[in-house]
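Trainee: I would like a close look at one part of this model. Please take me through it step by step.

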Amino acid sequence: MVKKYKQMLDAGLEVAGSKGVNIVRPEDIAEMVGCSKGLVFYHFKNIETLQSEIIRHACETLEHSVIAQAMALRYSLPHDLHDCEKIKAAELLIERYVNV
């Protein structure tokens, strides 16, 4: 059940990315995941809950990606860099995600 729920969120994120979160319909998600519209409503009690969960999932996905990139950056920087140079590298990383 948890796998299907995540598949629904991923599908919702894909639809929201192309059409906008306000356009996401349970029918779209059901079709993409290969389940019934009723199963979508089993996991999400209404459209508003579905949309808010998609937004939450998008934020979590972005957060995990930024953390992974930050950790990779941290370990790829030379150890002799000054703190201000490390901060500048981190700012560039954040800028890359904010300006997407």
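Is Glu60 buried, partly exposed or exposed?

Mentor: Keep in mind that this is a predicted model. Glu60 counts as partly exposed, because its relative accessibility is 33%. The cut-offs are under 20% for buried and over 50% for exposed.

Now look at its partner. Glu60 forms a salt bridge with Arg56, and the closest N and O atoms are 2.6 Å apart. The two sit four residues apart in helix α4, so about one helical turn separates them. Arg56 is partly exposed too, at 30% relative accessibility.

Arg56 also meets Glu53. Their side chains form a salt bridge, at 2.8 Å from N to O. Here the spacing is three residues in helix α4, so again about one helical turn lies between them. The side chains of Glu53 and Arg56 also make a polar contact, at 2.8 Å.

Setting aside neighbours within four places in sequence, Glu53 is in contact with Tyr5, Leu9 and Phe44.

Stay on the helix. Helix α4 covers residues 47-76, and Met71 lies in it. Met71 is partly exposed, at 36% relative accessibility. Together with Ile67 and Tyr75, Met71 forms a nonpolar patch on the surface. The accessible area of the three together is about 320 Å².

Finally, the wider count. The whole structure holds six salt bridges. One of them joins the side chains of Lys19 and Asp28, at 3.9 Å from N to O. Asp28 is buried, because its relative accessible area is 12%.

Conventions. Residues are numbered from 1 along each chain as its sequence is written. This is a predicted model: local features need pLDDT of at least 70, side-chain atom pairs count only at pLDDT 80 or more; totals for chains, interfaces and linings use all residues. Side-chain values use heavy atoms; hydrogens and water are left out. Patches are made of residues with over 30% relative accessible area and no salt bridge: like charges are joined within 9 Å, nonpolar side chains (Val, Leu, Ile, Met, Phe, Trp, Tyr) within 5 Å. Accessible areas come from the Shrake-Rupley method with a 1.4 Å probe; for residues, only the protein chains shown count as cover. A salt bridge is a side-chain nitrogen of Lys or Arg within 4 Å of a carboxyl oxygen of Asp or Glu. Buried means under 20% relative accessible area, exposed over 50%, partly exposed in between (1.4 Å probe, protein chains only). A polar contact is a pair of N or O atoms within 3.5 Å; within protein, one must be able to donate a hydrogen and the other to accept it, and residues adjacent in sequence count only if both atoms are side-chain atoms. Contact means heavy atoms within 4.5 Å.
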